[in-house]
Amino acid sequence: QVQLVESGGGLVQPGGSLRLSCAASGSIFSINDMGWYREAPGKQRELVARITFGGSTNYADSVKGRFTISRDNAKKVVYLQMNRLKPEDTAVYYCYADIDQVVGPRRDHWGQGTQVTVSS
């Protein structure tokens, strides 16, 4: 059994910052890519940022220069530092991890989602 637990969402004013965290636990052999998606009301889920085991990253154009993804492989945690937040960043943010399990197939696992609201 693998779990991803997110934290760090909340309400912030435009221009503010938030840091999301997502910790993986359970029957994990190794973790490949990790990342964050978001889903705003009435919109499709979109990739926000992704990071490989080796630290290579890619970002959605809408967040480049404002968001930074990082990970701690020893702790099995991925972070998303969000700066200069805009109202259009409001969404539920989901972390994911491509995991090789001790028992079972390699597959993506998802967190439960954390709400980020940017509003004055």
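Biologist: What makes β7 and β8 a hairpin, and which residue in the turn has a positive phi?

Modeller: In this predicted model, β7 and β8 form a hairpin with 4 residues between them, and Lys76 in the turn has a positive phi of about 60 degrees. Residues are numbered from 1 along each chain as its sequence is written. Local features need pLDDT of at least 70 and side-chain atom pairs pLDDT 80 or more, totals for chains, interfaces and linings use all residues, and side-chain values use heavy atoms, without hydrogens and water.

Biologist: How do you know that β7 and β8 pair?

Modeller: Strands are DSSP runs of E with at least two residues, helices runs of H or I with at least four, numbered from the N terminus. Two strands pair if DSSP finds at least two bridges between them. The antiparallel strands β7 and β8 are joined by 6 bridges, and therefore they count as paired. Within this pairing, Arg71 stands opposite Val78 in β8.

Biologist: What makes Cys22 and Cys95 a disulfide?

Modeller: The term requires two cysteine sulfur atoms within 2.5 Å. The S to S distance here is 1.9 Å, so the pair qualifies. Cys22 in strand β3 and Cys95 in strand β9 are 73 residues apart, which links distant parts of the chain.

Biologist: Why is the pair of Tyr96 and Trp110 called tilted?

Modeller: Rings of Phe, Tyr and Trp (its six-membered ring) pair if their centres lie within 6.5 Å; planes under 30 degrees apart are stacked, over 60 edge-to-face, and the rest tilted. Here the centres are 5.6 Å apart and the planes stand at 35 degrees, so the pair is tilted. Tyr96 lies in strand β9 and Trp110 in strand β10. Together with Tyr37, they form one aromatic cluster.

Biologist: Where is Val103?

Modeller: Val103 lies in the loop between β9 (91-101) and β10 (107-110).
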